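Trainee: I have a model open and want to learn how to read it. Can you take me through some features?

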Amino acid sequence: MLLIPCPYCGPREEVEFACGGEAHIARPANSDRLSDAQWSDYLFMRKNPKGVHYERWNHARGCRRWFNVARDTVTHRIYAVYKMGEAPPSVTP
Amino acid sequence: MTTQPYRLARGGRIDRAKRLRFSFNDRAYEGYRGDTLASALLANGVVLVGRGFKYHRPRGIMTAGSEEPNAIVQLGVGDRTEPNIRATQVELYDGLSAASINCWPSVEFDLGAVNGMMSRLFPAGFYYKTFMWPPSFWMKYEYFIRRMAGLGKAPDAPDPDRYDKTFAHCDVLVVGAGPAGLAAALAAGRAGARVILADEQAEPGGSLLASGETINGQPAAEWIAAALAELASMPDARVLARTTAFSYGDHNYVQMVERVADHLPPASSPGPRQRLWRVRAGQVVLAAGAIERPLVFADNDRPGIMLASAAATYVRRYAAAPGRRVLVFANNDGAYRDALALLDAGIGISAIVDPRPDPGAAIVAEIRRRGIEVLAGHVVAGTKGHGRVESAQVMKLDGDKVAGAARSIGCDAIAMSGGWNPTVHLFSQSGGKLRFDAARATFLPGAPVQAIRVAGAANGATSLQDCLREGHAAGAASAADAGAAGKAGDAPQAEPATPDEPAMPIWIVPSVKPVGEGGKHFIDHQNDVTAADLQLAVREGYSSVEHLKRYTTMGMGTDQGKTSNVNALALLAVTLGHEVGAVGTTTFRPPYTPVTVGAFAGHDQGDLLDPVRKTPLHGWHEIMGAPFENVGQWRRAWYYPKPGEDMHAAVGREAKAVRTGVGIVDASTLGKIDIQGPDAVELLNWVYTNAWNKLEIGRCRYGLMLGEDGMVMDDGVTTRLGENHYLMTTTTGNAARVLGWLENWLQCEWPHMRVYCTSVTEQWATVALNGPLARRLLAELTTDIELDPAKFPFLSFREGRVAAIPARIYRISFTGELSYEINVAPSHAVALWQALMAAGEKYAIVPYGTETMHVLRAEKGYIIVGQETDGTVTPHDLGMDWIVSKAKKDFIGKRSLARADTSRPDRKHLMGLLAENPSEVLPEGGQVVAEVKDRPPMAMIGHVTSSYFSPNAGRSIAMALIKNGRNRMGETVHVPAGERVIRATVTEPKFFDPEGKRLDG
Amino acid sequence: MVEAYLRRGPLAHRSLPSRIEADGPRKSAAGLWLAWRPHRAQVNLRGDASDAAFIGAVRQAIGIDLPLKANTTSGGGDVKALWLGPDEWLVVARDGREGDLAAALRQALAGMHAAVTDNSEARTVIAIAGPRARELMAKATPLDPHPRVFGPGACAQTVFAKAAAIIDQIDDAPTFELYVLNSFADYLWAWLERAGEEYAIAVVE
């Protein structure tokens, strides 16, 4: 079970959170002009890296805020958490 | 009753004043408080405690700790019986009863022992080779294998004991309370850290409990007592005995199980039997000690053959003699100290057999001085005995063979030692890699990846002084890393010891005949895996340690190979011609020792397994005898049977009453979200398929919510309460999900939107009146709301009082009848309900439950999200194009509706199904086929989503998702239902009042 | 006329007043005290914490400054505010004050982007106190109840048993007040009685 440092509440147990998958996927504007393939890319295709992954988490049972986490998918080490709208920090494992 | 013939006259940490009676295999014995079951059995001269798993050879007690592979017993009787318990960990209590497993009909006379004579039938991988063909025979084989294997019996009644679980937090968790662990806890505690010290044994002290050494000039036992007293005086140090740390997860999440009352007679204490500790530790010090390695020699499994350290522990700690003439077979100096302990207790030593050609340590000289023969450069090439070991065949070691004539040395026990394996299980679970240390011939912890330090024997330390020093340093450093600023004090001092001479690794002890031909070299005693099995597996091509493990079942017993894994790995390496350590290790998985499932459940079982959510009217429903339906965690009244009514009759009566008079239903579980802000309407336009700009204040509108994939996710009615103020309702099961969905978009995608969403699901209790008489009834209880349909039309909302209770009333309908959904404060719900029931008496008001609600909506063809939909259904599939705005440029899910797959004309469509026999109700979930064949497979074209007997239509009705359904109108399809096939006709999914004339009453 | 009706909270069926009477003599020997505080004014407030005008308007309306530090409370006399999120608070007061508090807030915040939602009826309050209170809290929630971490003035939303709760430590006894959704209250009360049994429980006022 991970210990996730909510940027608002501080470290809390994983049971309080919900994972929202890969971060920094913006909803395309003008979706009507996208091809099926382009739309499917937004809808379905996600990174699954071995190593640092930028992902969204929601402190669902706490302050209800969404935020971003840079987490190593192998060691589960959390390198950084940052608020929605902030640029992803560069992380060197 | 026997008289404990092997109990030593003096010594031990047992309380001789406290006699305890116990039974083993239905025979009565006596022991003392402080005994384990194993030590008490030894004291009584019981060495035959079980049978081998595969060959059913007699087995005795091999260790004195949690690593025990042999002495596995069935503990207790009746509801509390527990299989696969290690006798070495069971603390004796008065009245304890235990029995051997793996033997049938009895441990002395075991039919399965014939397997031993036919052992060539049980080679490595014998399950795979023998029982795989023909496949249909497996069931038969399994019956006999299970019978013969006899892995103990699970109780067949519910566990009567209570279990507890708790979270815990600390700066420094110390695992193991031996010398290193105690030193670490003292250092960390003195520095001011919050400390938890956990140890699996009955009392802290570890190896010191059986030690004659001194610390800080005090005998070990006194030093332990002083250390514990000091820890007890610290405000933030917790010492947990009988507590096994069994799992090491991410971010220093360590799970431990405390055996709170297992050492007491069953049901004799009021608290929980066991407690699960879920510890989040800032830093961990692993001081779990080390496990002695058995030697792999021919017939090394006879009762009486045990680890040298175990023999010394039984003598010193329990005053129980493992034998009267003990032969020691060891490749290291430590076992000589154990031999000395036995000698000091008056136990005879037949000889010490040491493969090292010239052991020269002082301790060896001392042993010789005491008149004990040391056979250097010799090995035990075999053993003999019936039931118990009676002699050892000792031969000279010549390279990797034995030479010369065997000398038979009489003995009734053999104390063996092949060196030590640090207990690195938790370190490995923490993600740390192990490295092979050739000098010590064992695996040691490498670089950690979490905040963990390993100290003492677990780190490869061998002297008491090193253990104390490492423990102290680890405790102090951990406390500092955790932010504790105090002083850790000085490390405890032991007497200086001269370093041991190197041990001589000997992974397989040669015998007269080749391995596998005459005598068995057991490696894994619990799963009966021999050196010959391993070598055979290697010859068959198994060179990966993980494959070898699975093929031979090595290390896969309840002991997880604590005594066998390293010997097996080394033998694999040697057989392959590799360096020992080059083949790696198998994965160390939790739990370290087996954990009772009850400990994981804690209090979350039985009636508390999952939260039961109750509406404010729950008590009223109970009094009326309503059965409840589970809807998520909610309990909803299902129907209200009158005396003599079954569900069918009750639902028939309720459903008729709603369409002819008035019915009342508790709809409090619907999700409700308060939405405020200038951009609220924009949010609604995004998350619903239809347009919201023109909804006036006081009006309500139905909405369909899609996922971004275009599939229906939720539905509900949203009301405009004020200029920038809306109330959204969701389905009962989706309330939290929809709120999360809105927040997800607002926070992550559209932070510019000025909207706040707040769940108000439980701020309001909802009571709905349905039926043509609803208006007349409501009119009697309200004075400040105009109920005339012209003034209060369908899909609108009013605020006022009902029975003098402040209420919000919504004219929305889930039945197709005239309907008022009355919302009041939950604390007033019962008062409102009773007022409506009382006033409704003259209208023959009928309370109805969820089943009738479902029937009524199905008669109208109204969908239920999650029943008609399953995440693969679009609005078009449901025939609900009318609610999908063409004018809106975009909304969540819009683009997906134009994808090639979602816009196919022949997708599954929601249709009605009418069985040819109107009294026959189709099975919900039933598969729909176009063409019936004699047997499967038949092409499935859809499934029944809802199916009821409709009292108002006077026949059975059903809805189904059917491929290309709208082009099959009037076709006959088939629904196989068990042995029968029901014929049905495809129709529109509307079965009552298709024009919707009844909404205004 | 409303007052003529008996208001029923979610634990009304448990007959706690008679438990309180029966447990009275055992109170000092008990390790845990459980209490039910059925009704309390609870107004959910949303707004921009970085906007001085918003904070000022709230102060003017209810007489206290909202807590801006995460997981803390402010006020505590007549009116108290619990931090629920960076733009969300729960304003609590004695039962009956929800109407005037909400009205005062709405009036003061008129024209501002803020949201005032009366949620007083959604949650009930269960109090846990006594010498073993922290141990019971540790069984129920992954939060660390240690005085170095949590204390009077601290609040948190978290998992509680298999439900959720807003926790407010109101004193050093220690006493923890749990705000729990009404629908979960019966489950949680039963859970607390079971998990706390080993410490001996007295139900108190």
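Trainee: What covers the buried residues of α13(B)?

Mentor: Ground rules come before that. This is a predicted model, where local features need pLDDT of at least 70, side-chain atom pairs count only at pLDDT 80 or more, and totals for chains, interfaces and linings use all residues. Residues are numbered from 1 along each chain as its sequence is written, with chains lettered from A and ligands numbered from 1 in the order in which they are written.

Mentor: Now the terms. Helices (H or I, at least four residues) and strands (E, at least two) are DSSP runs, numbered from the N terminus. A residue is buried if 20 or more other C-beta atoms lie within 10 Å of its own, exposed if 12 or fewer, and partly exposed in between; C-beta atoms are placed from the backbone. Contact means C-beta atoms, placed from the backbone, within 7 Å. Here, the cover over the buried residues of α13(B) includes β30 (529–530), α12 (531–539) and α14 (565–576) of chain B.

Trainee: Which residues of α13 (residues 545–552) of chain B are buried?

Mentor: L548(B), K549(B), Y551(B) and T552(B). Just after α13(B), T553(B) has a positive phi of about 65°.

Trainee: At what angle do α7 and α8 of chain B pack?

Mentor: Axes are lines fitted to C-alpha atoms, for helices over the stretch in contact; angles run from 0 to 180 degrees between N-to-C directions. For α7 (residues 308–318) and α8 (residues 334–344) of chain B, the angle is about 30° and the axes are 9 Å apart. That makes α7(B) roughly parallel to α8(B), because angles under 35 degrees count as roughly parallel, over 145 as roughly antiparallel, 65 to 115 as roughly perpendicular and the rest as oblique.

Trainee: Which residues of α7(B) meet α8(B)?

Mentor: A308(B), S309(B), A311(B), A312(B), V315(B) and R316(B). Their partners in α8(B) are A335(B), D338(B), A341(B) and L342(B).

Trainee: How many residues does the largest nonpolar core have?

Mentor: A nonpolar core is a set of buried Ala, Val, Leu, Ile, Met, Phe, Trp, Tyr and Cys residues joined through C-beta atoms within 7 Å. The largest has 188 residues, and L832(B), I128(C) and L188(C) have the most contacts inside it. Its largest share, eight residues, comes from α5 (residues 182–196) of chain C.

Trainee: What does L188(C) touch?

Mentor: Leaving aside neighbours within four places in sequence, L188(C) is in contact with I126(C), F160(C), A161(C), A163(C) and V180(C).

Trainee: How many residues of chain C are in contact with chain B?

Mentor: 36 residues of chain C are in contact with 39 residues of chain B. On the chain C side, α5(C) gives the largest share, nine residues.

Note on methods. Two residues are in contact if their C-beta atoms, placed from the backbone, lie within 7 Å.
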